Amino acid sequence: MQTDLQVELKQTKPFRTPLEEAFVSVQRTAALLEHALESELKASGITSTQYNVLRILRGAGEAGLCRSEVGERMVRRVPDVTRLLDRLEDTGYIARARGGDDRRYVTTRITAKGLEVLAALDDVTARFLAQHVGLLDADQVQTLITLLAALRRGIAT
């Protein structure tokens, strides 16, 4: 009998192992959630990657972060954080400033305009999460969090 994932992927042969099916299932679920989130964010004119950066900088507060710190905190790593920050700066959502004695150190902060956009998106993402992740009950959500954390701990970053 085919599993839900096999049917969804139109896969006629069984997975070689349950581990393989679990891995493909995590990948497929992440891809579907990311695509759905991108669709929700499209109206605002930002991508999920840009949204992630704005959330990171909002969390950093007035202190801001340097480029490498932003890159380290991103959910999905990108090869060119500088170019990503350039685009956000062009929109007025972030500001960068050189600081102190070391002129090479550039601090990035979210602007008032960036905070406004992010505040508007908080409602969008809350609805998104309720619609998609809210399909699980509270115990299932906690189990999912625990299981995914266990997987991440086992992966060298």
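Hi everyone, let's begin with confidence: the mean pLDDT of the chain is 92, and 96% of its residues reach 70 or more, where pLDDT is the predictor's confidence in each residue, from 0 to 100. This is a predicted model, in which local features need pLDDT of at least 70 and side-chain atom pairs count only at pLDDT 80 or more, while totals for chains, interfaces and linings use all residues. Residues are numbered from 1 along each chain as its sequence is written, and side-chain values use heavy atoms, with hydrogens and water left out.

Now the fold. You'll find 7 helices and 2 strands in the chain; these are DSSP runs, H or I of at least four residues for helices and E of at least two for strands, numbered from the N terminus. The order along the sequence is α-α-α-α-α-β-β-α-α. Confidence is lowest in helix α1 (residues 4–8), with a mean of 91, and highest in helix α3 (residues 48–60), at 96.

What about overall dimensions? The C-alpha trace spans about 65 × 35 × 30 Å along its principal axes. Its radius of gyration is 19 Å, whereas a compact globule of 157 residues would have one near 15 Å. That radius is taken over C-alpha atoms, and the globule rule is 2.2 Å times the number of residues to the power 0.38.

On to packing. How much of the chain is buried? Buried residues make up 25% of the 157, buried being under 20% relative accessible area with a 1.4 Å probe, protein chains only. Among contacts (heavy atoms within 4.5 Å) with a separation of 6 or more, 40% come from residues 24 or more positions apart.

How values were computed:
Buried means under 20% relative accessible area, exposed over 50%, partly exposed in between (1.4 Å probe, protein chains only).
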